[in-house]
Every structure is written in C-alpha cells, then in structure tokens.
Amino acid sequence: MTTKSILTALALSVAATGAALADAHSNGAKIGMISTLSGGGAGLGVDVRDGFLLAIEQSGRDDIEVIVEDDQRKPDVAVRLADRMIQSDEVDILTGIIFSNLAMAVVPSAVQQGKFYLSPNAGPSALAGRGCHENYFNVAWQNDNVHEAAGAHANALGYENTFVMAPNYPAGIDAINGYKRTFEGEPAQEVLTKLGQTDYASEIAQIRASGADSVFFFLPGGMGIAFLKQYADSGVDIPLVGPAFSFDQTIVGAVGEAALGVPNTAQWSPDLDNEANVAFVAAFREKYGRIPSMYASQGFDTANLILSALDKAPVSEAEAFRAALREADFASTRGDFRFNTNHHPIQDYYVREVVEKDGELINQITGTALTDHADAYAAECEM
C-alpha cells in the first residue's frame with residue numbers, strides 16, 4: 001500500500017463542516033498506523049492491521065479515524081510517514097510498527113512531540129529501560145521476553161550447548177540476550193545473520209559442524225520460512241527450539257510439515273481458553289477467513305486498550321488518558337494482562353507446538369515456560 005488510505009470503524013462519521021469534524025475528533029481519536037504491508041514481513045503487518053481494525057469495528061464507534069500506511073520495512077519511509085501523520089494529519093496516537101529498527105527510528109521523536117505511541121509488536125530494550133517514556137506503551141512484550149521463555153524451555157528439555165542464531169538488528173540482539181539470560185547451558189556458537197536474508201546454506205553448514213545439541217533461532221517473517229524449509233531439506237537432525245515468530249500462523253502454512261512438532265514460545269495461542277480469546281478467534285476467522293496469528297491478537301488487544309482508555313478520558317487530556325492506558329482495563333486475548341512501571345506487559349509465556357488439526361496447521365499450548373514474567377529493563381526506567 002503506497003498511497004494514503006483512511007480506514008474506519010464501520011462507517012466513519014465524516015462531518016459536513018470543519019467544526020463538526022473538530023468536535024468528533026475531540027471526543028474520539030485520530031490514529032496513525034504505520035506497518036509493514038509489503039515485502040518479506042508483510043504477513044506480520046497485515047495481521048496486526050486486521051486485528052486492530054476488527055476491534056475498532058466491533059466497538060461500533062463512529063469517532064475513531066485510522067490512517068493506515070505501508071512502511072515497506074524501511075526506516076526512512078517510516079520516519080517520513082510518521083512526520084506527515086504528526087504534522088499534517090495531526091494524529092493523536094501512533095501504532096503499528098513491526099520491526100524494532102523502525103520503532104527506534106520513529107518512537108523517540110513521536111513521543112517527544114507529545115504523541116502517544118502504542119506498540120503492537122516491536123519492543124526494543126532501549127525503549128524499555130533508560131529510553132522509556134510516559135507516552136510509550138508496549139502492548140506485546142519487551143523483545144527479550146519470548147526468547148527468555150525459549151531459554152527456560154531449553155533447560156527443561158535438558159539442552160546444554162545451543163547454536164544461537166538471529167538477524168543483526170535490535171530485535172535480533174535482544175533475542176540472543178534474552179535466550180542467554182535464562183539458558184543455563186553454554187551457546188555452542190552465536191551467529192548474526194543479515195536482516196532479510198533468505199539463503200541459509202552457510203549457517204546450516206555451521207550448525208552441522210558445531211557439535212550443538214540444539215538450535216535456537218529467531219528469524220521472523222520470510223526469513224523463518226526460508227530457513228525452516230532449507231533446514232528440513234538439509235538432513236541436519238539437531239532439534240530446534242525458538243520463539244513464536246518463526247512458527248506463528250503467518251508462517252506455518254508456508255513452511256508446511258517442517259514446522260510440525262517444533263516447540264516455540266509465545267504469550268498467546270489460538271487455543272488459549274478465555275472468553276475474550278475464544279470470541280476473538282471466532283470473529284477473526286469469520287471476517288477474514290483464516291486463523292488469527294499472534295500478531296493479529298496483539299493488534300486486537302492494542303485497539304481494545306485504546307478504546308478502554310477513550311471510554312475514561314479524551315486524548316486531549318493527556319495525563320488522564322495516560323492513566324487510563326496504565327490501568328489496562330480491557331479484556332485481553334491473553335487473559336491476565338497488566339503493565340509494569342515501564343509500560344511493558346507482565347504476563348505468562350507458554351510453550352506451543354505446531355500440530356495438524358482438521359487439515360490445518362495450528363499451534364497448541366503444551367505447557368507454561370514463564371509465569372507472571374516481567375522484562376529485565378524496568379529497573380532502569382526512571383519514569
């Protein structure tokens with residue numbers, strides 16, 4: 001999506017006069033969504049967008065305007081879009097960014113200009129610790145967390161020397177740090193790959209020669225699809241363990257049987273048994289004709305958090321609106337959900353496994369890796 005498109009909840013109330021529009025805006029919100037909707041990470045951004053817009057539609061509100069744009073997974077494009085949304089479109093809230101390098105390019109400037117940013121995915125460590133800000137809320141996780149859960153599960157499986165691999169960008173560095181924070185063994189080798197890489201022949205050769213008893217990898221989007229297919233074809237039989245990013249619903253259909261049985265960690269799963277999640281999965285499937293992914297659930301929760309805060313205070317009353325966001329008074333698809341002092345979630349992390357059910361590949365929970373887990377950077381946040 002390269003041209004501006006304004007998407008709304010059901011029927012956006014387009015006022016006939018400027019005064020009427022201003023009144024609608026003061027009681028609702030204008031939201032700018034910048035997400036990856038084309039290229040290798042498009043599936044992630046599309047699901048965040050679709051989950052978000054589903055929640056807005058379900059709310060029935062006619063005073064929410066959502067401007068959606070494609071960042072093409074390019075930091076300069078994301079910055080340009082954010083600048084236009086803030087300066088020309090005069091949005092109240094920004095959201096949508098998938099990749100952490102783009103978040104680092106956009107978020108600090110946006111919140112310093114008095115805008116609220118709610119992350120439905122990217123959770124770089126720099127924004128959780130000393131770089132935290134009162135207007136920045138992460139509704140997904142801090143990047144390290146899902147990988148910390150993978151490290152904890154690797155311990156439970158008895159692994160002692162894992163080959164560790166992730167892309168060379170902020171979320172990749174956080175992934176490796178997170179896994180090593182909880183993993184009680186020693187990494188057999190650490191490899192940083194190129195962001196967007198699709199040929200993993202060299203890395204697979206290193207894995208084969210490493211002597212590792214397991215492989216931890218973080219390769220979101222198309223990177224994970226490429227690696228898993230190539231790994232399955234290579235004949236290397238060292239077991240894999242990873243975060244949900246490479247085994248989520250946006251991925252498993254493209255990967256196919258190579259994803260079956262591999263343990264992966266996440267804070268959400270389509271079979272998570274709570275009322276909000278059961279209703280969300282059914283509504284998403286009915287509207288879009290597919291099983292929702294973790295990213296869709298995060299977009300849905302992000303929108304519902306915003307809606308819950310707007311029920312208590314307008315965005316124009318920043319302090320009251322911020323307090324309403326902190327309360328997180330909404331029915332999360334994850335069940336229990338609350339914010340830590342640095343505005344990052346405290347939540348459970350599950351072990352999932354890809355299975356075939358009714359002809360579809362889908363994740364099912366097999367256990368809990370971490371309970372009521374907070375990120376490692378909150379103590380550094382002086383907010």
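Which residue stands opposite Ser214 in E9? Select Thr162 and you have it: Thr162 faces Ser214 across the two strands. Keep in mind as you go that this is a predicted model.

**Stop 1: strand E9**

Show E9, residues 214-217. Ser214 and Phe216 point one way, while Val215 and Phe217 point the other. All four are buried.

Strand E7, residues 162-167, runs parallel to E9 and is joined to E9 by four bridges. E10 also pairs with E9 in the parallel sense, over two bridges. To find that pairing, select Val215 and look opposite, to Leu240 in E10.

Next, colour helix H8, residues 222-234. Together E9, H8 and E10 make a right-handed β-α-β unit.

**Stop 2: aromatic rings**

The structure holds 19 aromatic pairs. Go to one of them, Tyr117 and Tyr136: the ring centres are 6.2 Å apart and the planes meet at 20°, so this pair is stacked. The cut-off for stacking is an angle under 30 degrees. Tyr117 lies in strand E5 (residues 116-119) and Tyr136 in strand E6 (residues 136-138), so the two rings link distant parts of the chain, 19 residues apart. Both Tyr117 and Tyr136 are buried.

Then select Phe99, Trp141, Tyr169, Phe218 and Phe245 together. Ring pairs link these five residues into a cluster. The charged end of Arg73 sits over the Phe99 ring, 5.4 Å from its centre.

For another charge over a ring, jump to Lys287 and Tyr288. Here the charged end of Lys287 is 5.7 Å from the centre of the Tyr288 ring.

**Stop 3: salt bridges**

A search of the whole structure finds 18 salt bridges. Visit three of them, then a network.

Select Asp311 and Arg61. Their closest N and O atoms are 3.3 Å apart. Asp311 is in the loop between helix H11 (294-310) and helix H12 (318-327), and Arg61 is in the loop between helix H2 (42-59) and strand E3 (64-70). The partners are 250 residues apart in the chain. Is each end buried or exposed? Asp311 has 62% relative accessibility and counts as exposed. Arg61 is buried, at 17%.

Move to Asp248 and Arg352. Their side chains meet in a salt bridge of 3.1 Å, N to O. Asp248 sits in the loop between strand E10 (240-243) and helix H9 (249-255), and Arg352 belongs to strand E13 (residues 345-357). That is a link across 104 residues. Asp248 counts as buried because its relative accessibility is 1%. Arg352 is buried too, at 0%.

Now pick Glu360 and Arg285. This salt bridge has its closest N and O atoms 3.1 Å apart. Glu360 is in strand E14 (residues 360-373) and Arg285 in helix H10 (residues 275-288), 75 residues apart. Glu360 is partly exposed, at 31% relative accessibility. Arg285 is also partly exposed, with a relative accessible area of 36%.

Finish on the network. Select Asp47, Arg49, Asp50 and Arg290: salt bridges that share partners join them into one network.

Terms used. Residues numbered from 1 in each chain as written. Predicted model: local features only at pLDDT ≥ 70, side-chain atom pairs only at ≥ 80, totals over all residues. Heavy atoms only, no water. Phe/Tyr/Trp six-rings, centres within 6.5 Å; stacked < 30°, edge-to-face > 60°. Buried < 20%, exposed > 50% of the residue type's maximum accessible area, 1.4 Å probe, protein only. Lys NZ or Arg CZ within 6 Å of the ring centre and 35° of its normal. Salt bridge = Lys/Arg side-chain N within 4 Å of Asp/Glu carboxyl O. Pairing = 2+ DSSP bridges. Right-handed = clockwise from strand over helix to strand, strands pointing away.
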